[in-house]
Amino acid sequence: MIDIDTKEVWFVTGSQHLYGPETLEQVAKNSKEIVAGLDNSSEIPVKLIYKDTVKTEEEVASVMREANNSTKCIGIVAWMHTFSPAKMWIRGLSILSKPICHLHTQFNAEIPWSEIDMDFMNLNQSAHGDREFGFMMSRMRKKRKVIVGHWKSDRVQKKLGIWSRVALGWDELQNLKVARIGDNMRQVAVTEGDKVEAQIKFGVSVNGYDSSDVTAKIDEVTDEEVAELLGTYEKDYALTDSLKEGGEKRQSLIDAAKIELGLRKFLDEGGFKAFTDTFENLGELKQLPGIAVQRLMADGYGFGAEGDWKTAALTRAMKVMAYGLEGGTSFMEDYTYHFKPEKSYVMGSHMLEICPSIAAAKPSCEVHPLGIGGKEDPIRLVFNSPEGAALNASLVDMGNRFRLIVNEVEAVAPEQELPHLPVARVIWDCKPDLEVAVTAWILAGGAHHTVYTQALTTEYLEDFADIAGIELLVIDEDTKIRSFKDTINSNEAYYHMFQHKM
Ligand code: MN
């Protein structure tokens, strides 16, 4: 479902012929050692591939062309071991279509005080070589991540790991197909957007399907498949009595299992790794897909309810970034508030579709009326979510650009049991506090739908926004409303003036 093993990040070292072959041999040797060291780091999940030192304009252009054409290469890490006059980088950088990270490091950590001579000075020049390179990327308005520090340090390796995970998510978007089963929830604004622009900007392709495309697949489902899936439900979740074999609502669970199997077939045969549905376009589907969507999300599929294709794509991209990390990632909605004089909280949830990757314990599997949509009572997984640091991310279409809004939050335990709440939920404390966070969120036009994650931090979304060349607004501990308004205003002008190249 998430393919990480075939992907590569290419490490390109810049130099020039000025220093002679001996220095260049040492440059290559040192670069190989750095690549081997970084490749061994548990922080960096993607294979790091050493590429020969580039010393001329043609060598730079050639490796960039190769990177563009490689389906394995998800990004370039560039480092100038020596000075590398940056005019020779113009042609290569102007054609590069993959994300780039500028690793501003040095082979040696410390100055060898008693031995340092002019040969050493000629060899270890990244302190100024990387500035020349940095100027060119700034001069070309090239978006990139800059990481400063010694390559062996945990901090540097962590940052490179974050960037490579984001590059993985970006690579995923280039190939992502989102199936919209049904259209948008009628009259809803924020879940709409320009799908053509999204494909130009993010690579993601979004196309419409009908619930009958899913019901056709449900018709192909066999009794054996249903029986096996019911066994999985019984093993993985705490079924309420009415859903157990012989229970009065058992048929609802069977119907839900058929919906899951049909939906899975539809997605897999079509090559869709993200999808939307909407309770208003269910056609012959007996229930709004609840447990089906929850379990598909847990397997890594992106999802957005009510036709929300932007959140579906973002959920998928963030699940790819978070692959193998601790903490879950889910479609989410700000649902209701807990206003208290001393401190206020948000309860996040949805009608059904919260991903069990954020479940604190074994979910209970229940059936309850939905109250809207006029279909049969849907099966859903109900659970609380663990405490701890998290964030909500929302992607909106501002008409002339996409805007990504991030709010850092702290998930907390519910104050009391919630015996009558029939949906999965999370209670969180917004940074800096609910009043400022939500004021900023609403001023930014942030959606009610988000991607909620305990696996990723703001740095991932910042790298993502840079790679995509989109606006990022972060609401965190330091947010002040007046300066937040100023940022929105200046961004209006900035994004009006510049069309971003990655
Ligand atoms: Mn919703």
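At what angle do helix α8 (residues 211-218) and α10 pack, and how far apart are their axes? The views below come from a predicted model, in which local features need pLDDT of at least 70, side-chain atom pairs count only at pLDDT 80 or more, and totals for chains, interfaces and linings use all residues. Residues are numbered from 1 along each chain as its sequence is written, and side-chain values use heavy atoms, with hydrogens and water left out.

**View 1. Helix α8 against helix α10.** The two helices pack at an angle of about 110°, and their axes are 8 Å apart. Axes are lines fitted to C-alpha atoms, for helices over the stretch in contact, and angles run from 0 to 180 degrees between N-to-C directions. Helices (H or I, at least four residues) and strands (E, at least two) are DSSP runs, numbered from the N terminus. The angle makes α8 roughly perpendicular to α10 (65 to 115 degrees; under 35 is roughly parallel, over 145 roughly antiparallel, and the rest oblique). From α8, the contact is made by D213, V214, K217 and I218; from α10, by K258, I259, G262, L263, K265, F266 and E269. Contact means heavy atoms within 4.5 Å.

**View 2. Helix α9 against helix α10.** The axes of α9 (residues 223-236) and α10 (residues 250-270) come within 9 Å and cross at roughly 110°. These helices are therefore roughly perpendicular to each other. On the α9 side, the contact is made by E225, V226, L229, L230, Y233 and E234. Residues of α10 in this contact include R250, L253, I254 and K265.

**View 3. The manganese site.** E306 (OE), E333 (OE), H350 (NE2) and H449 (NE2) coordinate the manganese ion at 2.1 to 2.2 Å. Donors are N, O and S atoms within 2.8 Å of the metal (3.2 Å for Na, K and Ca); water is not among the atoms, so sites may look incomplete. Along the chain, the donors follow the spacing E-x26-E-x16-H-x98-H. E306 lies in the loop between β10 (302-304) and α12 (309-321), and H449 in strand β18 (residues 449-453), so the pair ties together parts that are 143 residues apart in sequence. Both E306 and H449 are buried (under 20% relative accessible area; exposed is over 50%, partly exposed in between, with a 1.4 Å probe and protein chains only).

**View 4. The surroundings of T82.** T82 lies in the loop between β3 (73-80) and α3 (90-95). T82 counts as buried, at 0% relative accessibility. Leaving aside neighbours within four places in sequence, T82 is in contact with residues including G14, Y19, V27 and N122.
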